[in-house]
Amino acid sequence: MTNHNDTTAKVLAVSNLHLESLTWNGKPVGKYVVTDGNDVYGVVSQRYTPVSHASALRQVQEWLPEGKVTNTYAEKGLSRAVFNIELPKTYEVGGEEIKTFVNLRNSLDGRWELGLIVSPVQVVCHNTFVLSLKRAYIDISARHTRPSR
């Protein structure tokens with residue numbers, strides 16, 4: 001099993017993202033790859049605006065400075081990531097202590113919207129990611145695309 005700190009560091013290291021046009025026989029095909037110059041993270045439309053995982057996390061940490069990243073789940077070669085940000089306040093329900101997580105999701109391949117999922121579920125794999133969506137108190141998301149002109 002991968003150490004959470006290793007996964008967090010790897011996900012946060014993905015930076016300097018830009019779009020490069022795909023061509024076929026020397027002609028553009030209207031699709032673009034999201035790349036950092038070394039690795040390809042997805043194929044997207046021209047309207048897609050890549051947001052690095054680090055940039056998304058920084059913005060959320062400004063809004064939630066008391067939150068602590070307790071785990072990072074990544075899939076598809078680091079192109080998709082969920083940061084578990086544990087809130088300090090816990091609640092007692094039926095004699096059990098319930099923690100609340102703000103799960104920040106982001107993708108570089110256009111498959112997930114940038115979003116915040118407030119849930120009692122800490123995401124550690126794809127199954128708990130799906131469970132966090134089903135158990136969400138709040139699920140806010142925004143697309144990575146610009147409106148067409």
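Trainee: What share of the 149 residues of the chain counts as buried?

Mentor: Buried means under 20% relative accessible area, exposed over 50%, and partly exposed in between, with a 1.4 Å probe and protein chains only. Of the 149 residues here, 40% count as buried. This is a predicted model, in which local features need pLDDT of at least 70 and side-chain atom pairs count only at pLDDT 80 or more, while totals for chains, interfaces and linings use all residues. Residues are numbered from 1 along each chain as its sequence is written, and side-chain values use heavy atoms, with hydrogens and water left out.

Trainee: How many helices and strands does the chain have?

Mentor: Helices (H or I, at least four residues) and strands (E, at least two) are DSSP runs, numbered from the N terminus. The chain has three helices and ten strands, in the order α-β-β-β-α-β-β-β-β-β-β-α-β from the N terminus on.

Trainee: Which residues of the largest nonpolar core touch the most other members?

Mentor: A nonpolar core is a set of buried Ala, Val, Leu, Ile, Met, Phe, Trp, Tyr and Cys residues joined through side-chain atoms within 4.5 Å. The largest one has 14 residues, of which Leu57, Val60, Phe83, Ile85, Val102 and Leu104 touch the most other members. Two or more residues of this core come from each of helix H2 (53–63) and strands S5 (80–86), S8 (101–107) and S9 (114–119). A second, separate core of eight residues includes Tyr32, Tyr41, Tyr48 and Leu108.

Trainee: With which residues is Val102 in contact, leaving aside its neighbours within four places in sequence?

Mentor: Contact means heavy atoms within 4.5 Å. With those neighbours left aside, Val102 is in contact with Leu64, Phe83, Asn84, Ile85, Leu87, Leu116, Ile117 and Val118.

Trainee: Which residues of helix H3 are buried, and why do they line one face of the helix?

Mentor: In H3 (residues 126–134), the buried residues are Thr128, Phe129 and Ser132. The arc to consider is that of the directions from the helix axis to the C-beta atoms. Seen down the axis of H3, the buried residues fall within an arc of 110°, so they line one face of the helix. Their cover includes S5, S8 and S9. The face of H3 turned away from the buried side carries the exposed residues Asn127 and Lys134.

Trainee: Is Gly115 buried or exposed, and what is Gly115 in contact with?

Mentor: Gly115 lies in strand S9 and is buried, with a relative accessible area of 3%. Leaving aside neighbours within four places in sequence, Gly115 is in contact with Asn103, Leu104, Arg105, Ile140 and Ser141.

Trainee: Where is Thr8 found, and which residues is Thr8 in contact with?

Mentor: Thr8 is found in helix H1 (residues 4–13) and is buried, at a relative accessible area of 12%. Leaving aside neighbours within four places in sequence, Thr8 is in contact with Thr72 and Phe83. The C-alpha atoms of Thr8 and Gly115 are separated by 18 Å, with the two residues 107 residues apart along the chain.
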